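This report describes a fold from its overall dimensions down to individual residues. Please keep the sequence and the structure in view while reading.

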Amino acid sequence: MAAPLVEMRDISIAFGGVKAVDHVSVDLFPGEVVGLLGHNGAGKSTLIKCLSGAYRKDAGEILINGEHAEINNPRDARRYHIETIYQTLALADNLDAAANLFLGRELTTALGTVDDASMEAETRKIMGRLNPNFQKFHAPVSALSGGQRQSVAIARAVYFNAKILIMDEPTAALGPQETQMVAELIQELKRQGLGIFLIDHDVHQVKALCDRAAVMKNGQLVGVVKVDDVSTDDLLAMIIAGKKPEHLAA
Amino acid sequence: MSDQTVSPANPPRRSLLSTLEVDTRLLGMIGAFVLVCLVFNVLTDGRFLTPRNIFNLTIQTVSVAIMATGMVFVIVTRHIDLSVGSLLATCSAIMAMLQTNWLLSTFGLELGNPALPWLAIAGGLIAGTLIGAFNGWLIGYLTIPAFIVTLGGLLVWRNVGWYLTNGQTIGPLDETFQAFGGISGTLGETWSWIFGVIASVVAVIGLYNARRTKIGHDFPVKPAWAETAVAGIVVAGIMGFIWMLNSYQIPERVLARDFAAQGLEVPEGYSAAYGLPISVLLLIGVAVAMTIIASKTRFGRYIFATGGNPDAAELSGINTRLLTVKIFALMGFLCALSAVVASARLSFHSNDIGILDELRVIAAAVIGGTALSGGIGTIYGAILGALIMQSLQSGMAMVGVDAPFQNIVVGFVLVVAVLIDIIYRKKLGAH
C-alpha cells in the first residue's frame, strides 16, 4: 500500500487543563474519505484544526507523504496543499465572492495591485462548474443564501489544487438538494486522488460518503473502522458508549 | 448548490441611477452637503457660497480630513484611535522645535536655511509613524484594546508635546513650511487650471481603462452614453471646483503688501487669484493614495477582510497582528501630515493645537459612513464627512449661532447621521 497522505501521530492538545485531544492517531490515504465522528466537544474539530493550522498541537507529529511537516499557522497548512472548509465557512461577509475566494492569495497585476478583473474571471469559471446558477459576483457574501455561501467556501478550497481537504460539517446548513451536490463533489474529488477528512454528526452520511470512520469521545480516539465492516448502529454505539463493536474488538 | 432566486443577467428595465452605476451613498452625502450649503447660503444672505468662503472652508477641512482617511482604516478593523489630536500636537511640537531650535543647535544650520522645513517635516513624519506603530504593537501583539491604548495616548502625547516645548508657543515657522497651511501657499490661477486639466485627463483615462478591462474579460459594462455621462460629471466637478477657487481674487491690499515687499507697486488693473491651496492639493494626494490602498492593494483588501471577519482573515493566512501595526503606523503618519498643515495654517505651534481633533476625526469618518462594527467605510465618505462637519461649524458661526448651540447641533447631527446610515443599511439588507 502507498504511503499515507497524512499521518497524525499521537496528537495532544489541552486548553487550560482540559485535554481536548488526548494522544490521537489518524491517517488518510490519497483518494480516501475518512469521517470523523463524535459528540459536540469530542475533540474532532480541535484535532483537525491542528492539521489546518488554526491550533498548534502540544505534542505529537504530523507527517505529509511520509515526511515530517511543521504546521504552525494556516499559511503553513496551505503550503502543504491542505485546504479547509470550516463549519463557520470563514468568509469575510463584507467582501464579494472573488475577494473571498482569493483572500490571502490575491492575483496581482504587474504593478503589484490586486487584479480584481482576473480574480472575478477565475471566480466565474469555477463557480460555473460548482454552482452554475450563481450570478451575484458583485454582492457582498452576506447577501448570499446559505447554499451560495457554502459554494463560495468550497470553491476556495478546491480552486488552489488542494491535495488534502478538510470539511467541517459541510452540509449542516444545506437543504437536501444542496447536500446531494456536496456528496457528488466529494466523489469527484476522491476520483481526482484527494484525501478528504469529513467531520460530521450524521452517521448515515458518514456511512454513505466515507471509506473509514474515526470515532472520538472525550478527546480520545475510540477507534478507526472501515464503514463497510460496521452498521450505523455500531457507529452510534461507538459515539455514545465509546467502545468498539464486539465483532471488531478482538 | 442551486439558487431558487436566479437574477437574470440583463434585467429588462433599470433606473437611471443603476444604469449609471452611481454609488447611492455617495449621492446621498453629496446631497446632504449641498443641502447644508444652500440652507446656510440663504441664512447668510448669500455669503456662504462665495468663492472666499468656499476657499476658507476647504483649507479649514484639510487637517481633519487627512486624519479621517486614516481613521477609516482604524475603524474598519474594529479599532478606534482617540490619540490622533494629541499625536498631532506632539508631531507639531517636534517639527516646530526641529526648525527653530534643535536643528540649529545640533547641526549648526542657520535660520532660513532652505533644508530646514524639509528636515523638520521628515522628522515629524518619522516620529508620527513610529509612535503610531508603537500603538499598533501594543494593540496587535500585546492585545491591549485600542480604546485603552489610545485613551492613554491621548494623555501621554498631549503632554509629551507640552514637555518638548515647555508649553511655549513656537513661531514663526519657516516660510516654506507655512506654504502647507493654506492661504500662504497656493498654486495661482494658471497652475490651478493646469492641475484641473491633468486631473480630468487622468480621471477619464482611469474610467476608460476600467471599461476596457471589463470588456477584455467579457464582463457586463454600462452603456457608452452612461459612461460618458459619468465622465462628464467628474470632469465638470473637477473643473467647477478649480473655477470656484480661481474666482477668489487676492484682495488689493494684500497684493499691494506683497508687491511692496519686493519694492514694487501694483501695476494698473492687475489682479490675481489664489487658486488651489497646496494643503488642498496635499489632501487630494492623500485621498487618491488612500483610495488606491483601500481598493487596489493587498494591504487594503486585508484591512476590509479583517474588519468583516477577523477569524476568517486569520484562517486565510493573514497576519492580523502585523496588519494592526501597519494600520496604526499609517494613522500616525497621517497625524504628522495633518500637523504640518495645522501648524502651518496657524504659522506657529501652540500647546493646544489639535485639541478635540480625535472627536472631529472620528465623527467625520462615522458621518462618512464608516461602521463602528467594522468592515465598512470609504475614504471619500470620510472626507465628505469632514467637509459637512466643517460646513456646519463655520456656517453656524457665520449665522451667529451661540457657541453652545453650535456644538449641540454638531453632536446632534452626528447621532442622526449614524441613525440614517443604519436605516439605509437595513433597507439594503431587506432588499
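This is a predicted model: local features need pLDDT of at least 70, side-chain atom pairs count only at pLDDT 80 or more; totals for chains, interfaces and linings use all residues.

## Overall dimensions

Along its principal axes, the C-alpha trace of chain A spans about 60 × 40 × 40 Å. The secondary structure of the chain comes to 9 helices and 10 strands, and 47% of its 250 residues count as buried. Of the contacts in chain A between residues at least 6 apart in sequence, 63% join residues that are at least 24 apart.

Helix H6 of chain A, which covers residues 176-191, has 16 residues and reaches 23 Å from its first C-alpha to its last, close to the 22 Å expected at 1.5 Å a residue. The buried residues of H6(A) are Glu178(A), Val182(A), Ile186(A) and Leu189(A). Seen down the helix axis, these buried residues fall within an arc of 90°, so they line one face of H6(A). An α-helix has 3.6 residues a turn, and residues three or four places apart therefore point the same way.

The face of H6(A) turned away from the buried side carries the exposed residues Pro176(A), Gln177(A), Glu184(A), Gln187(A), Glu188(A) and Arg191(A). On the buried side, the cover includes strand E3 (33-37), helix H5 (146-159), strand E7 (164-168), strand E8 (195-199) and helix H7 (203-209) of chain A. Just after H6(A), Gly193(A) takes a positive phi of about 95°.

E3(A) and E8(A) run parallel and are joined by 4 bridges, with Leu36(A) standing opposite Ile199(A) of E8(A). E7(A) also pairs with E8(A) in the parallel sense, over 5 bridges, and here Ile166(A) has Phe197(A) of E8(A) as its bridge partner.

## An antiparallel sheet

In chain A, 4 strands form an open sheet in the order E2-E1-E4-E5, and the pairing is antiparallel. Strand E2 (18-28) and strand E5 (67-68) stand at the edges, each with a single partner strand, so one side of each is left without a neighbour in the sheet.

The partner strand of E5(A) is E4(A), residues 59-64, and the two pair in the antiparallel sense over 2 bridges. Within this pair, Ile64(A) stands opposite Glu67(A) of E5(A).

## Contact between the chains

The contact takes 34 residues from chain A and 28 residues from chain B. On the side of chain A that touches chain B, the elements that give two or more residues are helix H2 (74-79), helix H4 (116-130), H5 and H6. The residues of this side of chain A divide into 15 nonpolar, 12 polar and 7 charged.

Technical notes. Residues are numbered from 1 along each chain as its sequence is written. Chains are lettered from A and ligands numbered from 1 in the order in which they are written. A residue is buried if 20 or more other C-beta atoms lie within 10 Å of its own, exposed if 12 or fewer, and partly exposed in between; C-beta atoms are placed from the backbone. Two residues are in contact if their C-beta atoms, placed from the backbone, lie within 7 Å. The expected span of a helix is 1.5 Å times one less than its number of residues. The arc is that of the directions from the helix axis to the C-beta atoms. Ala, Val, Leu, Ile, Met, Phe, Trp, Tyr, Cys and Pro count as nonpolar, Asp, Glu, Lys and Arg as charged, and the others, Gly among them, as polar. Two strands pair if DSSP finds at least two bridges between them.
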